Number of protein chains: 2
Amino acid sequence: MAAPSMKDVAAHAGVALGTVSNVLNHPEMVTERTRKRVLDAIAELGFVRNESARQLRGGTSRTLAYVVLDTRNPFFTDVAAGAQQVADEAGRALFLCDGGEDAVRQANYLDLLEQQRVEGILITPVEADDPRIAAVVARGTPVVVVDRGAGPDRCSVSVDDVLGGDLALSHLLDAGHRRIAFIGGPRAIGQVADRITGAERALARADAEPLTVLETARLDVAEGRRAGERLAGLPAARRPTAAFCANDMLALGLLQQAVRLGLRVPEDLAIVGYDDIEFAAAAAVPLTSVSQPRQLLGRTAAELLLAEARDPDGHRHENRVFEPELVVRESTRIRPLGGVA
Amino acid sequence: MAAPSMKDVAAHAGVALGTVSNVLNHPEMVTERTRKRVLDAIAELGFVRNESARQLRGGTSRTLAYVVLDTRNPFFTDVAAGAQQVADEAGRALFLCDGGEDAVRQANYLDLLEQQRVEGILITPVEADDPRIAAVVARGTPVVVVDRGAGPDRCSVSVDDVLGGDLALSHLLDAGHRRIAFIGGPRAIGQVADRITGAERALARADAEPLTVLETARLDVAEGRRAGERLAGLPAARRPTAAFCANDMLALGLLQQAVRLGLRVPEDLAIVGYDDIEFAAAAAVPLTSVSQPRQLLGRTAAELLLAEARDPDGHRHENRVFEPELVVRESTRIRPLGGVA
DNA sequence: AGTGGGCCTTGGAACGTTTCACAACAGTGT
DNA sequence: ACACTGTTGTGAAACGTTCCAAGGCCCACT
C-alpha cells in the first residue's frame, strides 16, 4: 500500500484534513483532545510528511548544500564542518555534494539543487568563472563561492592564494633554494593558478631559476607519489632542491615517495605544502605548509549565504578575503644534526 | 517576480502546458518546430523545473543519501567515494550528510531524508540498534547499514571488527607486548565495542595483563593527542608498551603527541591503528594499521541499496561481511638499528 | 470530394500539502 | 431568549508538474 497521507490520518482520526495540518503546524490552535487523537492516528499509521508537497505549496526549503571540490581532501571537510555549525544553529540541513574534481558532476549537482529549490548553495567550483554559476545566481538562488574570489554579482569567501604562493616561495628562497619546482594541477583550477602566480611573483624578486612546473591531473596523494618518482628520476645536478605543492595531499604523496626512493627531506629536497591539514603535522617529516582558516571560511560562507537567503533584496554581496599563514616545520628546516625525533 | 513555471513557458511559446511537458519528457513525440519554439521560450524565461512538483506527481526520486558518521574521517569519505561511483553509473545523485558523531543530528537527517522521499539511504549509525532506523525501514524506505552488521530485516555491509581487533592484538602479542592499551570511544559506537571484544579475545589466548581501556569522547586526532598525554604521564613501569587505537585518526594524534613528549615509537610505545587511511602510511612513523576495503564497502552498499529500490518486493536482504587485513609498518616493528628511512 | 488513419497537440485530473475564509459551537452579559 | 464574542474545526483553492484520453489536423487513398 502507498504511504499514508494526511487525508488518511484525518479519516482515521475522524477530523478534517485541515485539522491534521493544524496539529502539525499550529498545534496551539487545536484542543488537547483533538490533538491527541490526531497524533495517535499519525503514530498508528506511520504517517510521514511529504516534504515535496510541503515545499511545493509553501515555496520554501530549509536546506542548504555545499558542492565540494573533493570530499577526500580534508581541507574541504574542515570547511564543511564550519558551514555545518552555522547551518545547525540556524535550523538548516546541509547536504554535501562531492564534485570529485569533475566539472560535469559538479554541473549536474548544481542543476539538481536548483531544481530542488534549495535555500542556498555553497560551492567550490572546479572552474572559477563557470557561466552556470552566474546563471543560477541570475535566476535567484543565493550562491556563495567558497575558496575562490568572485565578481561583484555574488558573495565569496576566499584566502589570498597569490599571497600564499608568495609566502611559500619567499620562505624557500630565504632558505637558499634557487632551483624550485611547483607541483599541482590542473591549471584550470583557480587556486592552482593563483598559487603559481604568487610563487612566480616571489621568484621575480630573487635571482633564481624560473619555476619548474610539474602539472598534475588531480590534487591527490597518488599524483604526489607520481611527482616524487619524476623528481627522484632526475640527475641530482638538474633536480630541484625544493618543491612547493599545491596542497598537502600532493605534498604527503611526494614526501612518501621521495623518502622511499632515497631522497632525504629536507636535505635533498625541501617540501612546502598547502592547507595545513591535520595530517601535515603528523607526517613522516612534519610538513611546512601554508595554513588557511578552514572552519572560519566555512562559517563565514554559510553566514553570508543565510543572510542573502533571508533578505534577498536588502542584501549586498561581499567578497571576503582571508590571509594565509606559513607554518614552518621540519620539511624545510635544515636540521643541525642527526635530527630524529 | 516568481520563478517562471511551465505555464509561463507554454504561454510564451504559444502552446499548451502539456506540450511543454512533452518537450521535456518525451521529446520524440513533438515536432522539431514546436520543440524549438518551446526550448527557446525556456531559455528566454530562464525556466527551471520544479523538482518538488515533479516528485509529488511522479512519486519517485532519483536521489540517494549517505548519512556519514563523520566526514572528517577519511575512512568515510573513501567509502562515500565508492558509493558515489555506483550512484553515478546508475544516474543517481548522492547527498552526503555529516552526522558528526552526533546522534541527534543523525536522527534529524534521517527524518528529513524520509520526508523527502529519497530513493534510499545509506547510513553508518552512531548507535547500531537505533529504533529509528528500524522505523524507517518498516515504513518502506530502503536502508543499507554501512560498516555495521544488521539484523535480517535490512541489508548491511561491514567488516569483521572483532576479527580486526583480534588481528591487531595478536600481532602485538606476537611481538612480545604484555601490557597493552586500547584507545577509543565512546563505547556506544558499535565498531569500538567490537574491536575491544576482538582485542580481548586475542588477549584471552595469551598470558598477558588485561586490556587497559582509555575511553575517548570522539574518534579524532585531538582525542588521540590527549591519550598521548595520559600515556606519557604514566611512570614507565606501569605504562603500556603498546597501544591499539580504534582508528587511524586517534593513532596519528597519539603518535604525534607521544613523540613530542619524548617517547620513541615503537621502542617505548608500539602503535596499531585502524582503517589504514592514506595518511597512515605517510605518518612520522609509518603506522601499522588494520585495513578495510573502503571503496568496495561503499560500492557494495550502494549496489544493494539500488537493487532494493528497484525491486522492493523481490529483494532479499543481505548482510555482507568483509575481512580486514593487518598492514604492518614501522610503528610496531622493532627496528634493528638507527632506523631512519 | 469523402473517408480513414497517423501524428501532434490539448485540456484536465491528480499528487499531498498549507492556508484562509468561514461555519459551528459554547459561553457571557443583557 | 437574544445577540455577541471568541475559540475550534471545516472545506476548498492553489502550488507546478505528469499523464492520459480525446480532439484536431493533414495527407493519402479510393
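Predicted model: local features only at pLDDT ≥ 70, side-chain atom pairs only at ≥ 80, totals over all residues.
**Entry 1: DNA strand D.** Helices (H or I, at least four residues) and strands (E, at least two) are DSSP runs, numbered from the N terminus. By class, I noted 11 nonpolar, 11 polar and 5 charged residues. Ala, Val, Leu, Ile, Met, Phe, Trp, Tyr, Cys and Pro count as nonpolar, Asp, Glu, Lys and Arg as charged, and the others, Gly among them, as polar.

**Entry 2: chains A and B.** I found 49 residues of chain A in contact (C-beta atoms, placed from the backbone, within 7 Å) with 50 residues of chain B. H5(A) gives the most to the side of chain A that touches chain B, with 7 residues. That side has 26 nonpolar, 12 polar and 11 charged residues.

**Entry 3: H2(B) and H3(B).** I looked up the axes (lines fitted to C-alpha atoms over the stretch in contact, with angles from 0 to 180 degrees between N-to-C directions), which come within 10 Å and cross at roughly 95°. The two helices are therefore roughly perpendicular, a term for 65 to 115 degrees.

**Conventions.** Residues are numbered from 1 along each chain as its sequence is written, and chains are lettered from A and ligands numbered from 1 in the order written. Local features need pLDDT of at least 70 and side-chain atom pairs pLDDT 80 or more, while totals for chains, interfaces and linings use all residues.

Conventions:
Contact = placed C-beta atoms within 7 Å. Parallel < 35°, antiparallel > 145°, perpendicular 65-115°, else oblique.
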